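Have the viewer at hand while you read along.

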Amino acid sequence: MTKSTHTPEYQRLVELLVETRRAAQLTQQQVADRLGKPQSYVAKVEGAERRIDVLEFAALVKAMGNNPTTLLDRLMSELD
């Protein structure tokens with residue numbers, strides 16, 4: 001598998017993260033504050049400029065008040 005932020009699968013992951021943040025009515029700054037990171041970190045993730053690993057994914061989703069397993073299950077069901 002290509003290690004790229006440009007695959008359709010990775011793009012869908014990014015879309016789900018943005019959708020999740022917006023559904024939680026959080027700004028990028030609020031998520032970043034919860035993570036103890038700069039707002040640019042969240043912006044780069046959402047802009048697919050920065051590839052995240054599974055632990056970063058889990059931290060992001062938890063910072064948005066959601067369950068990482070639930071979101072990953074949703075992504076996987078959409079990709080099947």
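**Entry 1: ground rules**

I count two residues as in contact when heavy atoms lie within 4.5 Å. I am working on a predicted model, in which local features need pLDDT of at least 70, side-chain atom pairs count only at pLDDT 80 or more, and totals for chains, interfaces and linings use all residues. Residues are numbered from 1 along each chain as its sequence is written, and side-chain values use heavy atoms, with hydrogens and water left out.

**Entry 2: Glu46**

I started with Glu46 and its contacts. Beyond the residues up to four places away in sequence, Glu46 touches Val14, Val18, Arg21 and Gln28. I then looked up its place, which is helix α3; helices here are DSSP runs of H or I with at least four residues, strands are runs of E with at least two, and both are numbered from the N terminus.

Is Glu46 buried or exposed? Glu46 has a relative accessible area of 15%, so it is buried. My cut-offs are under 20% for buried, over 50% for exposed and partly exposed in between, using a 1.4 Å probe and protein chains only.

I also found a polar contact of 2.5 Å between the side chains of Glu46 and Arg21. For such a contact I need a pair of N or O atoms within 3.5 Å; within protein, one must be able to donate a hydrogen and the other to accept it, and residues adjacent in sequence count only if both atoms are side-chain atoms.

**Entry 3: the whole chain**

I stepped back and listed the elements: 5 helices and 0 strands, running α-α-α-α-α from the N terminus. The radius of gyration is 12 Å, close to the 12 Å from the globule rule for 80 residues, so the chain is as compact as a globular protein of that length. That radius is taken over C-alpha atoms, and the rule is 2.2 Å times the number of residues to the power 0.38.

Along the principal axes, the C-alpha trace spans about 35 × 25 × 20 Å. I noted that 39% of the 80 residues count as buried. Of the contacts with a separation of 6 or more, 59% are between residues 24 or more positions apart. The chain exposes about 5000 Å², with 51% of that supplied by carbon and sulfur atoms; the areas come from the Shrake-Rupley method with a 1.4 Å probe, and for residues only the protein chains shown count as cover.

**Entry 4: the core**

Which residues have the most contacts inside the largest nonpolar core? I found Leu17, Val31, Ile52, Phe57 and Leu60, in a core of 21 residues. The elements giving two or more residues to this core are α1 (8–23), α2 (28–35), α3 (39–46), α4 (54–63) and α5 (68–79), and the largest share, 6 residues, comes from α1. For the record, such a core is a set of buried Ala, Val, Leu, Ile, Met, Phe, Trp, Tyr and Cys residues joined through side-chain atoms within 4.5 Å. In soluble globular proteins, nonpolar side chains tend to be buried together.

Leu60 is in contact with Leu17, Val31, Leu35, Tyr41, Val45 and Ile52. Val31, found in helix α2, counts as buried at 0% relative accessibility. Its contacts are Arg21, Leu26, Val42, Leu60, Ala63 and Met64.

**Entry 5: helix α1**

I checked the length of α1: at 1.5 Å a residue its 16 residues should span 22 Å, and its end C-alpha atoms are 22 Å apart, which agrees. The expected span is 1.5 Å times one less than the number of residues. Among the buried residues of α1 are Tyr10, Arg12, Leu13 and Thr20, and their cover includes α2, α3, α4 and α5.

**Entry 6: two positive phi values**

Gln25, in the loop between α1 and α2, has a positive phi of about 55 degrees and counts as exposed at 70% relative accessibility. Ala48, in the loop between α3 and α4, has a phi near 60 degrees, yet Ala48 is buried with a relative accessible area of 9%.

**Entry 7: Glu56**

My last stop was Glu56 in helix α4, which counts as buried at 18% relative accessibility. Its side chain reaches the backbone nitrogen of Asp53 at 2.8 Å. Leaving aside neighbours within four places in sequence, Glu56 is in contact with Tyr41, Arg50 and Arg51.
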